[in-house]
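Subject: Structure for your files

Hello,

Here is the structure I said I would send. My notes on the sheets and the salt bridges follow below it.

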Amino acid sequence: PVYGHAKQGASFGHTKIAGKTILRRGLSPLAVTICTEIAAPVVAGVRLRAGRAGSSRGAASMLTEAINTAVAAGADPANILVRGDSAYCAGKIVTAVVKAGARFSFAIARNPAVDAAIAAIGDEQYTPVHYPGAVIDPDTGELISDAQVAEVRFTAFADTRHETTGWLVVRRVLDANTQDPLFPVWRYHPFFTNNPEPADQADVTHRHHAICETVWSDLIDGPWAHQPSGVFAANAAWCILAAICHNLLRAAGTLTGTARYTVARGATLRTHLINIPARLARPQRRPVLHLPNHWPRAQAWLAFWQSVFT
């Protein structure tokens, strides 16, 4: 959000606060992240847009650049899975991902075609899904959860040049307001994917895309909390510098050789590795850095220092 009337590009756009959609005056950054199963996400690209820009504006070309970045870093395109919410389930974006040789997994908005595909799934096709951290009843051995998942073949963007065939994976849960066990009311959450994993595992994999929220939290709590300039180009450069600093923090945490800092939040890394109570002295014109005595992060910090300078 921005509050000054002299900010170039500032306009009212949709955002969510406490789960409610509201209009807010601001700018709209678009970012794409890359992560692995053992590494926290880094920012592969960022662009600043006007506040009224649609969520998916510019996403297709940005995803192509991000996939190329991942490939240049050593990734196999066939092992790249692009994940996102329903705002990015557009024909142009899905086509760009497929053309780049990667796979996709996007939440999809409900429409008549999606509703018809969901209605065609029989109750017997739904199977319980075991999420990480799920609780099992010690007496029955069954999951204490009403989440079920099924899949059906689905063609999205039919009769357009972006027509794509994949799987519509549908997760359903009982409506919390429904208490009648004879006439259950289900809430459906579909997503469109070409991920070859079984439906239950594909659902778990898709839901992991929420890890990008840690990046947004780090950036919004830090440099994105304030756009310092009234000039749009300067604020765009500010966003790019914020992404560079985020990635440098991720690299610093990884170079410590400590599992905790490899996946730590940016605020933790700044507090433990950057903002340290050290003192620089120059006896005989030789720089000496005096670190605190009995410092609990000394070993990790020294490992980081040696990785960079030796």
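Three strands make up an open sheet in the order 1-2-3, with antiparallel pairing. Strand 1 (11-17) and strand 3 (42-50) are at the edges with a single partner strand each, so one side of each has no neighbour in the sheet. From one strand to the next the twist averages 60 degrees.

This is a predicted model: local features need pLDDT of at least 70, side-chain atom pairs count only at pLDDT 80 or more, and totals for chains, interfaces and linings use all residues. Residues are numbered from 1 along each chain as its sequence is written, and side-chain values use heavy atoms, with hydrogens and water left out.

On terms: helices (H or I, at least four residues) and strands (E, at least two) are DSSP runs numbered from the N terminus. Two strands count as paired if DSSP finds at least two bridges between them.

First sheet, continued

Strand 2 (residues 20-34) runs antiparallel to strand 3, and eight bridges join them. Within strand 3, Leu48 is the residue opposite Pro29. Helix 1 (residues 59-72) packs on this sheet and touches strand 2 and strand 3, where contact means heavy atoms within 4.5 Å. The direction of helix 1 makes about 30 degrees with that of strand 2; axes are lines fitted to C-alpha atoms, for helices over the stretch in contact, and angles run from 0 to 180 degrees between N-to-C directions.

Six strands form an open sheet in the order 4-5-9-8-7-6, and the pairing is mixed. Strand 4 (81-84) and strand 6 (127-128) are the edge strands, each pairing on one side only. Three bridges connect strand 5 (residues 103-107) with strand 9 (residues 186-193) in the antiparallel sense. Ala107 has Phe191 in strand 9 as its bridge partner. Helix 4 (residues 199-207) packs on the sheet, touching strand 4, strand 5, strand 7 (148-156), strand 8 (164-174) and strand 9. Its direction makes about 85 degrees with that of strand 7.

Salt bridges

Side chains of opposite charge can pair when their charged atoms come close. The rule used here asks for a side-chain nitrogen of Lys or Arg within 4 Å of a carboxyl oxygen of Asp or Glu, and by it the count is six salt bridges. For accessibility, buried is under 20% relative accessible area, exposed is over 50%, and partly exposed is in between (1.4 Å probe, protein chains only).

Glu65 pairs with Arg47, the closest N and O atoms being 3.3 Å apart. This pair links distant parts of the chain, with Glu65 in helix 1 and Arg47 in strand 3, 18 residues apart. Glu65 is partly exposed at 45%, and Arg47 is partly exposed at 28%.

Asp123 forms a salt bridge with Arg172, with 3.1 Å between the closest N and O atoms. Asp123 lies in the loop between helix 3 (112-119) and strand 6, and Arg172 in strand 8, 49 residues apart. Asp123 is exposed at 58%, whereas Arg172 is buried at 4%.

Asp218 and Arg265 form a salt bridge with their closest N and O atoms 2.7 Å apart. Asp218 is in helix 5 (residues 212-220), and Arg265 is in the loop between helix 7 (259-262) and helix 8 (266-274), 47 residues apart. Asp218 is buried at 5%, while Arg265 is partly exposed at 34%. A network of salt bridges links Asp218, Asp221 and Arg265.

Regards
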